[in-house]
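I opened this notebook to record what I looked up in one protein structure. The entries go from the whole chain down to single residues.

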Amino acid sequence: MKALIQRVKSAAVDIHGERHGEIGPGMLVLLGVERTDTTADADKLLKKVLGYRMFSDADGKMNLNLQQAEGGLLVVSQFTLVADTRKGMRPGFSSGASPQLGEELYDYFVKQARELHHEVGTGQFGADMQVSLTNDGPVTFMLES
């Protein structure tokens, strides 16, 4: 399981022209699920996401995690994160989860996040989404379970 996390001033996801989820300052998570992933992988990755120190403290150093910074969390499914791009000019998706497993683990990740964090917005699994953000920094990291 992979998460591309971005510190944002704001982020939103629209589906068919309607706002589906949005946050103010916080973290945008693009979440990719691989075919071998389990709920244990989701739990491990969520712990990293919520605990990752990427927000500035009073001295301007990245010492605060999302919860300490009291930021919002926007979780968007991103199948292409698990693509194999090592060869050729076309990505391979053989390591990606089936749609059923991908949705199950995405929903699980979101459910667990909502139990642990005060503000969680989402996209919609499998939907054609338009994601907008104002990246803060920019600060972007790739996390894996």
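The entries below follow the order of my look-ups.

**Entry 1. Basis.** I note that this is a predicted model, in which local features need pLDDT of at least 70 and side-chain atom pairs count only at pLDDT 80 or more, while totals for chains, interfaces and linings use all residues. Residues are numbered from 1 along each chain as its sequence is written, and side-chain values use heavy atoms, with hydrogens and water left out.

**Entry 2. Overall fold.** I looked up the secondary structure and found three helices and eight strands. Helices (H or I, at least four residues) and strands (E, at least two) are DSSP runs, numbered from the N terminus. From the N terminus on, the order of elements is β-β-β-α-β-β-α-β-α-β-β.

**Entry 3. Dimensions and surface.** I checked the radius of gyration, which is taken over C-alpha atoms; the globule rule is 2.2 Å times the number of residues to the power 0.38. The protein has 15 Å, which agrees with the value near 15 Å for a compact globule of 145 residues. The C-alpha trace spans about 45 × 35 × 30 Å along its principal axes. I recorded an accessible surface of about 8,000 Å², of which 48% belongs to carbon and sulfur atoms. Accessible areas come from the Shrake-Rupley method with a 1.4 Å probe, and for residues only the protein chains shown count as cover.

Entry 4. Buried residues make up 42% of the 145 residues. Buried means under 20% relative accessible area, exposed over 50%, and partly exposed in between (1.4 Å probe, protein chains only). Contact means heavy atoms within 4.5 Å. Among contacts between residues at least 6 apart in sequence, 72% join residues at least 24 apart.

**Entry 5. Strand 3.** How many residues of strand 3 are buried? Seven of the seven residues of strand 3 (residues 26-32) are buried, so this strand is largely enclosed by the rest of the structure. I then looked up its partners; two strands pair if DSSP finds at least two bridges between them. Strand 1 (residues 2-15) is joined to strand 3 by seven bridges and runs antiparallel to it, with L4 bridged to L30 in strand 3. Six bridges join strand 3 to strand 6 (residues 72-77) in a parallel arrangement, and there L28 has L74 as its bridge partner.

**Entry 6. Two glutamines.** I located Q6 in strand 1. Q6 counts as buried because its relative accessibility is 13%. Leaving aside neighbours within four places in sequence, Q6 is in contact with several residues, including G26, M27 and L28; M54, L133, N135, V139 and T140 are also among them. I located Q112 in helix 3 (residues 99-116). At 17% relative accessibility, Q112 counts as buried. Q112 touches D43 and L46, not counting residues up to four places away in sequence.

**Entry 7. Backbone details.** Which peptide bond is cis, with omega near -5 degrees? The bond from G137 to P138 is cis, and P138 lies in strand 8 (residues 129-144). I also noted H16, a residue other than glycine with a positive phi, near 50 degrees. H16 is found in the loop between strand 1 and strand 2 (18-23) and is exposed, with a relative accessible area of 72%. E70 has a positive phi near 55 degrees and is likewise a residue other than glycine. E70 lies in the loop between helix 2 (66-69) and strand 6, and at 63% relative accessibility E70 counts as exposed.
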